[in-house]
Amino acid sequence: MGISFHRVPVPGWLSLALLLGACSPSPEVDRAGRDETEAGQLLASQHCVACHQLPDPNLLPKKSWEYALTYMGFFLGIVDYEYMKGAPESAMGSIRLREEFVRAANLLPDAPLVSKEDWAKLRAYYIATAPEKAIAQMAKPVVIVDGEKFRVKPTQYRMESAITSMVHIDEAHGLLYIHDGGLEQLTVLDRNLNFHDSHPSPGVSLVEAQAVGEDLYFLSIGDLFASNIGAKLGEFQQTRVFGGVFMGLNILVKDLHRPADFAFADLDNDGLDELLVSNFGDYTGNFSIYRRDLESGAFAAEPLILSDQPGIVKGDAHDFNGDGYRDIVVMMSAARENVSVFLNNKDGTFTQKILWEKHPSFGYIGFELKDFNGDGQIDLLTLNGDNGDSDTYNTLKRDHGIRLYLNKGNLQFEELYFYPMYGVYGAEVADFDEDGDLDIAAISYHPDFDLDRPENFVYLEQRDPLEFIPFTHPATQKGRWLSIDSGDADGDGDKDIVLGAAYVPVGMRDRHMDKFEKLAREGPPILVLENVLK
């Protein structure tokens, strides 16, 4: 992985002494500075760990800590904007909105939980020891620009100011589903990517779809922009598809709290799949299991809650301990960011085992369960690139990227591959080149916009065992990609890739509005990359 070194900034009091002509600080001054820093560090270890892993000051630059600490202060009953004097208007608007959200969620204490003096010391510790600029990611291979592996296939889909919350290839029915969360409309294209059908969906923002036989299931997050704190507007829906036509729409489960993901799994070996729902929520959320009635097949009105932690992005099932019952992997992305396995106790209960926990700015976004080395054990591919967790500046995080953990048995996983990628936001795993191993296609919503060619799409082709060559397609530079799916879109037998764009200025308001306006004006709503193998 390598180690990053950085210069610790000179404390303000030392800079002043040098300006006044002092050759070096006196032992008393030096000791006082160390004492203040140590006091702040101790206070951080006392107060911060109540909610999450203790963050190192070098995770964020000073400007980001000014924002993040103002935000964290709300949860300790401290509303103090003093440290954000001179911040851009966009940052001030964002932090005030967060204060409103924390108040709406009833998470702002009536009285401060820490004294003004102690809070000042804690903040001073982070601001004084944080770097001026974000620490860069580790080096990686040069990305090869290649327009030959996939070719852009034109479509009839048009959408102004697209917010494409979902793209989904329905291989069985030869259809492509596209949902725009801004217009709240589902569009269906046929196998030739011509317009097939359209369905207005007021109040609905679809984020996932899955076809099972003639049944088609949709998941609506309900509140795409988290503008209704605490509101449970999400739905799990079902329709039937005959000849490419939807036959009715049923709401199977409602009152979901901003769900981000669903999966089916038969957890009790009764022949019926349960429904697993990852309720991302906002300041509250959970991971829920909806059991089914053996006679009617209907989902239970009240779920089994495995975890009430907010920020759950995904869950999936696999029998990890070989006892014949499927366990559940859950990824949690808020506060105590972690990946856990909930072991199936065979009696309707589960026991949580945390595989690993990360710091609160890690930004988990999703995972895939695949056997990457062909040893019969399911491995874990994780993605972390959510960049809305610390500030509005699109602060680059050196930890962002794609990690492959190989399953060593007995719930032991070893990280054997890391591809650094700022702001990675989704990935598809498949044997795209049909050479017998798995490749990875990934998008970023928060790349480094300072670059002439921000890395917003990468195709990692596995050439040798667990060795990947990074490629990108030149056409991907034209969009800002929020959603991705892969599958045989054209019916020729190989795997194609579809990208969905969302032109929202989050992370670009501060310094890159010119680039955002160009993307929003010229960028496509979707991009279909047709595999050229066949």
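## Contacts and overall form

Residues 24 or more positions apart account for 55% of the protein's contacts with a separation of 6 or more; contact means heavy atoms within 4.5 Å. This is a predicted model, in which local features need pLDDT of at least 70 and side-chain atom pairs count only at pLDDT 80 or more, while totals for chains, interfaces and linings use all residues. Residues are numbered from 1 along each chain as its sequence is written, and side-chain values use heavy atoms, with hydrogens and water left out.

The protein has 534 residues, and a compact globule of that length would have a radius of gyration near 24 Å; the value here is 24 Å, which agrees. That radius is taken over C-alpha atoms, and the globule rule is 2.2 Å times the number of residues to the power 0.38. Along the principal axes, the C-alpha atoms fill a box of roughly 80 × 55 × 45 Å.

## Secondary structure and surface

The protein holds 6 helices and 29 strands. These are DSSP runs, numbered from the N terminus: helices are H or I with at least four residues, strands are E with at least two.

Of the 534 residues, 53% count as buried. Buried means under 20% relative accessible area, exposed over 50%, and partly exposed in between (1.4 Å probe, protein chains only). The protein exposes about 23500 Å², and carbon and sulfur atoms supply 52% of that area. Accessible areas come from the Shrake-Rupley method with a 1.4 Å probe; for residues, only the protein chains shown count as cover.

Two strands pair if DSSP finds at least two bridges between them. Strands S24 (residues 439-444) and S25 (residues 457-464) run antiparallel, joined by 4 bridges. Ile443 stands opposite Phe457 in S25.

Asp433 lies in the loop between S23 and S24. Asp433 is buried yet has no salt bridge; Arg463, the nearest side chain of opposite charge, is 5.6 Å away. A salt bridge needs a side-chain nitrogen of Lys or Arg within 4 Å of a carboxyl oxygen of Asp or Glu. For charge, Lys and Arg count as positive, Asp and Glu as negative; His and the chain ends are not counted. Leaving aside neighbours within four places in sequence, Asp433 is in contact with Asp439, Tyr459, Glu461 and Leu533.

## Enclosed strands

Strand S12 (residues 274-279) has 6 of its 6 residues buried, so the rest of the structure largely encloses it. Both faces are covered: Glu274, Leu276 and Ser278 are buried on one side, Leu275, Val277 and Asn279 on the other. S12 runs antiparallel to S11 (residues 259-265), with 6 bridges. There, Phe262 has Val277 as its bridge partner. S12 is also antiparallel to S13 (residues 286-290), through 5 bridges. Asn279 has Asn286 as its partner in S13. The hairpin of S12 and S13 has 6 residues between the strands, and Gly281 takes a positive phi near 70° in this hairpin.

Strand S27 (residues 481-487) has 6 of its 7 residues buried, so S27 too is largely enclosed by the rest of the structure. S27 pairs with S28 (residues 496-501) in the antiparallel sense over 6 bridges. Ser483 stands opposite Gly500 in S28.

## A helical residue

Glu517 belongs to helix H6 (residues 513-522). Glu517 is partly exposed, with a relative accessible area of 43%. The C-alpha atoms of Glu517 and Asp223 are separated by 25 Å, and the two residues are 294 residues apart along the chain.
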